[in-house]
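Please open the structure in your viewer and keep the selection tool at hand.

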Amino acid sequence: MATALALTDVSPTTQAAASGACCAPLVREAADPETAAQLARVFKALGDPTRVRLLSIVAAHDGGEACVCDLTEPVGLSQPTVSHHLKLMVDAGLLTREQRGKWAYYSVVPGALNRLGMLLTDATS
């Protein structure tokens, strides 16, 4: 004859199954709709290899700032196309844009990548 385990001796998932519940309970706050929308914008911006390269190139420049004129050759795209990619990253909160004469300079938003990393780390902990 098998002995029954006390519910306190098993994991929350096993407890949920034993109690008839279909799912394990939440153990921390889930992303609210506004946070989820912001994260989706960032993920969408980083969902293109060219934009990931551009972000990396900007971050690798001295002072973490680069002129759009320095970004077209490394990715092999025209200036309007590069500017479009950069605009999407500005809109997603990854880069800032400063106009200096006829050229636009882009820099990584301080802490943007760290915040994204923390959100991802928290989600998998």
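Begin with Pro33 and Lys44 of helix α2, which are exposed and lie on the face turned away from the buried side of α2. Exposed means over 50% relative accessible area, buried under 20%, and partly exposed in between, with a 1.4 Å probe and protein chains only. Helices (H or I, at least four residues) and strands (E, at least two) are DSSP runs, numbered from the N terminus.

This is a predicted model, in which local features need pLDDT of at least 70, side-chain atom pairs count only at pLDDT 80 or more, and totals for chains, interfaces and linings use all residues. Residues are numbered from 1 along each chain as its sequence is written, and side-chain values use heavy atoms, with hydrogens and water left out.

Next, select Leu39, Val42 and Ala45, the buried residues of α2. Viewed down the axis of α2, its buried residues fall within an arc of 120° and so line one face of the helix; the arc is that of the directions from the helix axis to the C-beta atoms.

Now select methionine 89. Apart from neighbours within four places in sequence, its contacts (heavy atoms within 4.5 Å) are Ala45, Arg51, Leu54, Leu55, Leu94 and Leu95.

Then turn to threonine 72, in helix α4 (residues 72-75). Threonine 72 counts as buried because its relative accessibility is 17%.

Finally, select arginine 100 and tyrosine 105: arginine 100 lies over the face of the tyrosine 105 ring, 4.2 Å from the ring centre. A charge sits over a ring if NZ of Lys or CZ of Arg is within 6 Å of the ring centre and within 35 degrees of the ring normal.
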